[in-house]
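Trainee: I am new to this protein and would like to understand the words used for it, one at a time. Could we look at it together and ask what stands behind each of them?

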Amino acid sequence: MDKTQEVLLIKYGEIALRGGNRRIYENMLMDAIRKNLENAGFEGFHFYKEQGRFVVAGGDMEKPLSGAIAHIVCVFGITSVCRGVRLAERSVESLFDAALGYAKENIGNSATFKVTTNRADKNFPGKSNEISAELGGHILTSFPELKVKLEKPDFELIVEIRNSIYIYSKATEVEGPGGLPPGSAGKGVLLLSGGIDSPVAGYLAAKRGIDLTAIYFHSPPYTSERAKEKVLDIAKQLSHHTGKIKVIVVNFTEIQLYLNDKTPPAKITLMLKRAMLKMAGITAQSEKGLAIITGDAVGQVASQTLHSLHAMTGATDLPILRPLATYDKKDIVGLAQKIGTFDISIRPFDDCCTLFLPKNPETKPKLSIIQNIERKMDDLEHLMSTALEQAEIYQF
């Protein structure tokens with residue numbers, strides 16, 4: 001019988017603080033991890049829950065277990081994934097033998113080291129710091145040239161004593177995104193454009209457990225098919241982080257031309273965004289969505305001043321979430337690069353928001369004036385309903 005088995009130890013963060021609902025969140029997170037592994041072709045693995053951890057063991061998998069890390073660590077709710085070993089026996093003697101064996105295989109050319117013990121099972125003999133000290137001394141007998149260094153050592157051996165005993169090194173730990181499990185907070189509709197901001201807003205909303213349906217407003221022939229392809233490529237890339245995404249592509253041309261004809265030039269951008277929010281609200285009703293997500297960042301453009309954002313009030317009864325509200329452009333670009341949407345977003349194909357832009361857009365609109373203008377637009381509701389009925393649906 002092997003004394004150790006290779007495993008992946010999965011850590012999660014705030015869902016551990018969910019009290020009576022913790023098990024629900026844990027099950028949703030486990031389902032998301034399982035789905036990712038199965039979709040990536042990892043079959044035959046053993047997956048089980050530990051005290052405050054999930055564990056993936058190789059079982060009869062044909063693929064190396066290390067290859068599964070990339071498909072686990074991207075799941076929202078996970079704080080990190082560690083590659084280590086699980087001990088077959090749960091005793092002090094087996095722990096010392098396994099820890100020394102693991103150190104011999106992994107310590108390499110390290111000049112300094114430390115041992116950290118997390119004794120979640122308080123029935124195991126000894127205190128955490130005592131076990132660390134004894135293990136450190138045991139390792140030093142085989143590596144007398146090593147020195148103990150408690151701050152930033154070259155090699156940190158970590159022992160977790162739970163239902164089983166696990167050993168890994170700090171160097172194997174891969175950081176995850178944190179957040180909440182996919183879909184755990186309900187559904188939302190994302191206004192997805194071909195720009196940099198909205199995909200990042202969608203990513204951050206999904207990180208808080210929101211299941212996304214995206215709506216994209218397309219204006220042929222003023223916007224090309226390449227513009228639509230860019231948005232679909234963004235959605236596909238976003239789905240690697242968020243899970244499945246439905247994309248609803250709405251032909252916005254007639255609505256845009258109608259609004260451009262009926263609206264004072266300085267107010268056209270605001271009126272277009274209100275129309276989009278209205279249509280997103282209608283879509284949310286059919287999708288059982290509870291919120292609308294936009295890529296607005298306060299003060300970034302004229303339509304995102306506080307006055308303009310206030311003028312969006314009443315376009316929909318649903319809450320409008322703006323995850324990027326306080327971000328500056330540098331931070332948004334950094335996140336876009338991290339999640340892989342930036343290079344797609346900067347392709348030179350404009351979306352409908354760049355059409356009919358006024359030279360001097362209004363920055364301090366009044367909601368009452370905007371609402372009065374809309375009341376005179378008898379055909380707007382019909383145009384919106386028709387466009388939604390004829391929308392194209394894509395799944396990623």
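Mentor: Let us begin with a term: a residue is called buried when its relative accessible area is under 20%, exposed when it is over 50%, and partly exposed in between. Please keep in mind as well that this is a predicted model. With that cut-off, Ile332, Val333, Leu335, Ala336 and Ile339 are buried in helix H10, which runs over residues 329-339.

Trainee: What makes the buried residues of H10 line one face of the helix?

Mentor: Viewed down the axis of H10, the buried residues fall within an arc of 165 degrees, so they line one face. In general, an α-helix has 3.6 residues a turn, so residues three or four places apart point the same way. On the other side of H10, Lys330 and Lys338 are exposed.

Trainee: What covers the buried residues of H10?

Mentor: The cover includes helix H5 (197-207), helix H6 (225-242) and helix H11 (342-345). Just after H10 comes Gly340, with a positive phi of about 85 degrees.

Trainee: Why is Lys273 called buried?

Mentor: Lys273 has a relative accessible area of 17%, and since buried means under 20%, Lys273 is counted as buried. Lys273 sits in helix H8 (residues 268-287), and, leaving aside residues up to four places away in sequence, Lys273 touches Asp296, Ser303, Gln304 and Met312.

Trainee: How do you know that Ile139 is buried?

Mentor: The relative accessibility of Ile139 is 0%, and the cut-off for buried is under 20%, so Ile139 counts as buried. Ile139 belongs to helix H4 (residues 128-142), and its contacts, again without residues up to four places away in sequence, are Leu100, Ala103, Phe113, Val115, Leu146 and Leu157. Ile139 and Ala99 are 40 residues apart in sequence, but 8.0 Å apart in space from C-alpha to C-alpha.

Trainee: Why is the count of disulfides zero?

Mentor: A disulfide needs a pair of cysteine sulfur atoms within 2.5 Å. The sulfur of Cys74 has its closest cysteine sulfur in Cys82, 16 Å away, which is too far for a bond, and for Cys82 the closest cysteine sulfur is in turn that of Cys74. By this rule, the count is therefore zero.

Trainee: What makes Lys152 and Lys288 count as exposed?

Mentor: Exposed means over 50%; Lys152 is at 75% relative accessibility and Lys288 has a relative accessible area of 69%, so both count as exposed. Lys152 is in the loop between strand S6 (147-148) and strand S7 (155-161), whereas Lys288 is in the loop between H8 and strand S13 (292-293). Most residues other than glycine have a negative phi, yet phi is positive for Lys152, at about 50 degrees, and for Lys288, near 60 degrees.

How values were computed:
Residues are numbered from 1 along each chain as its sequence is written. This is a predicted model: local features need pLDDT of at least 70, side-chain atom pairs count only at pLDDT 80 or more; totals for chains, interfaces and linings use all residues. Side-chain values use heavy atoms; hydrogens and water are left out. Helices (H or I, at least four residues) and strands (E, at least two) are DSSP runs, numbered from the N terminus. Buried means under 20% relative accessible area, exposed over 50%, partly exposed in between (1.4 Å probe, protein chains only). Contact means heavy atoms within 4.5 Å. The arc is that of the directions from the helix axis to the C-beta atoms.
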